[in-house]
Amino acid sequence: MAITVKVGEEANQKIVTLELNIRKSIDGDLMIFDHGDIDIVLSPGKNKVVAFPKEIVDDLAYGAQNRLFSFLHKRGIVVPESIRAGAFCGSLEAEMQKPVSEAVSAPKLALINVANFITEERPYFENTEAIVSMTDDELIHPDKADSTELGDVPQRDQQGSIRKGYIRDPYSLNYMYTLY
Amino acid sequence: MKNKHNKKRNTAFIYEALVKEATVAVLRNETDRKQKIVNLFRTHFNGDSLLYKELMCYRSLYENQGLNKQISEKIMKEAKIAQRLIDPDGLFKQQTELINDINKEVAPSVFNNYVPNYRTLATIAQIFSDKLSPKNSVILENQIIENMTSEAPAEVEDLDVDKLVVKNFVEKFNTKYSDELLEEQKELLSRYISSFSDNALELKMFLNEEVERLKASVATAKNSAEFQSDETMLERADTVLEKLDSFAQGTISDRTLITIMKTQKLVKEIYTDGDNS
């Protein structure tokens with residue numbers, strides 16, 4: 001059996017494979033769309049990580065942004081004191097740490113950690129999406145217990161909950177409130 | 001002239017409404033629904049059915065256009081005779097079966113489908129019925145004949161926009177706006193145009209940086225001796241800064257973009273000398 005022996009620095013390099021819904025913008029920024037509540041931009045040119053709310057600026061999006069930067073800060077990817085609100089559309093941004101050695105790429109490390117953050121959060125936001133879709137489905141396609149077939153409502157002498165009569169009549173006691 | 005018209009007993013209307021329903025089913029890729037409608041056509045509008053015969057009478061009156069008056073009158077006469085030769089009881093029975101099948105197999109909402117020539121179909125149904133007075137009958141027949149003799153509306157010609165036209169347009173646009181728009185305004189516009197493809201993220205990122213730059217520029221200008229000596233200018237600078245600060249929680253809209261473009265121009269003016277150097 002032939003044995004392949006790798007010698008040198010490259011032999012110890014670890015290959016990391018990431019699966020993300022990601023796009024590169026014209027100026028080289030990496031735009032990550034995987035998260036359910038926020039879009040994340042990794043900008044190697046500006047040495048920044050920016051997170052924007054996906055749809056609307058609300059507490060849900062802020063929660064996700066907050067968790068992202070806590071995650072990155074705990075792993076030493078961003079400068080803690082640089083975490084701040086951006087100037088547009090409810091964004092939150094932070095500067096990436098400068099690597100001590102040239103062999104270490106800050107954007108690559110940030111990308112791996114952002115991918116780990118998304119993997120960690122995936123059950124949470126996929127569950128939320130499933131609940132929203134289930135609620136929609138319940139409204140659009142109700143089951144037999146919650147629906148009546150069109151045209152098959154049985155005819156009765158009295159229908160509905162508000163019926164005519166002394167007790168049920170909503171205006172019958174109006175005289176009680178009349179001002180003299 | 002007011003006459004009652006039951007659209008469910010109007011064979012041509014039911015046919016047109018079913019055609020609409022089938023089109024919707026095809027567009028929505030609802031194969032089962034489409035197949036059910038096709039089966040209804042096969043069952044109820046086959047060549048031997050009374051419904052098909054009546055449909056042909058309707059069609060000979062509402063589908064012809066651009067004919068001369070003499071021929072139209074002859075068609076009207078023949079169509080009326082052909083319709084009167086159809087057994088009314090048999091036709092009623094077949095219509096009932098069709099209505100029943102539509103209600104059960106497709107949906108009662110089929111009868112609510114919009115049929116553009118509904119009025120013409122209703123007029124023809126009135127002509128075929130024996131409830132009209134001779135005077136009203138002649139008036140309605142005249143309406144249909146006028147419809148038949150009128151020319152079909154000319155189709156709007158599709159103008160083929162060739163490359164030369166597009167090139168000219170782009171050249172004219174560039175000539176007009178290349179001097180009027182600033183570089184940063186052009187960049188904003190180009191990112192706005194392509195923003196549909198990525199949830200506007202690239203545009204948001206650009207604006208995040210641009211608003212920050214504008215805020216810094218206005219704040220620096222505010223501290224200059226020129227601004228400090230003029231109270232009105234200080235007030236206006238504060239208003240601009242407040243406006244820019246408000247974008248931190250805002251979303252992308254036309255108004256936001258216009259405000260940012262105006263601020264870009266303002267900043268350019270502040271930092272450009274009177275001699276444009």
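1. Let me start with a loop: Cys89(A) sits between strand E5 (84-85) and strand E6 (92-95) of chain A, where helices (H or I, at least four residues) and strands (E, at least two) are DSSP runs numbered from the N terminus. Its phi is near 60°, a positive value in a residue other than glycine. Cys89(A) counts as buried because its relative accessibility is 5%; buried means under 20% relative accessible area, exposed over 50%, and partly exposed in between, with a 1.4 Å probe and protein chains only.

2. A word on the ground rules. This is a predicted model, in which local features need pLDDT of at least 70, side-chain atom pairs count only at pLDDT 80 or more, and totals for chains, interfaces and linings use all residues. Residues are numbered from 1 along each chain as its sequence is written, chains are lettered from A and ligands numbered from 1 in the order in which they are written, and side-chain values use heavy atoms, with hydrogens and water left out.

3. Ala200(B) counts as buried because its relative accessibility is 13%.

4. For chain A as a whole, the secondary structure comes to two helices and six strands, in the order β-β-β-β-α-β-β-α from the N terminus on. Of its 180 residues, 30% count as buried. Among contacts (heavy atoms within 4.5 Å) in chain A between residues at least 6 apart in sequence, 46% join residues at least 24 apart. The chain exposes about 13400 Å², with carbon and sulfur atoms supplying 54% of it; the areas come from the Shrake-Rupley method with a 1.4 Å probe, and for residues only the protein chains shown count as cover.

5. Helix H13 (residues 254-270) of chain B is worth a look too. With 17 residues, H13(B) reaches 24 Å from its first C-alpha to its last, close to the 24 Å expected at 1.5 Å a residue; the expected span is 1.5 Å times one less than the number of residues. Its buried residues include Leu257(B), Ile260(B), Met261(B) and Val267(B), and also Thr256(B) and Gln264(B). The buried residues of H13(B) pack against helix H9 (183-193), H10 and helix H12 (231-246) of chain B.

6. A cavity is a set of points on a 1 Å grid over the protein atoms alone where a 1.4 Å probe fits but cannot get out; a pocket is an open set with protein on both sides within 12 Å along at least five of seven lines, and lining residues have an atom within 4 Å of a point. The count is one cavity of 30 Å³ or more, and the largest cavity holds about 40 Å³. Its lining draws on both chains, including Asp27(A), Lys46(A), Arg191(B) and Phe206(B). Helix H10 (residues 201-222) of chain B gives the most, four residues.

7. The largest has a volume of about 740 Å³, and of its 23 lining residues the closest to its centre are Arg9(B), Ala125(B), Phe128(B), Ser129(B) and Lys131(B). H5(B) supplies the largest share of that lining, five residues. The second largest pocket holds about 390 Å³, and among its lining residues are Val16(A), Leu18(A), Lys108(A) and Ile112(A). For these volumes, grid points are joined across faces, edges and corners, and the space is that filled by probe spheres set on the points.
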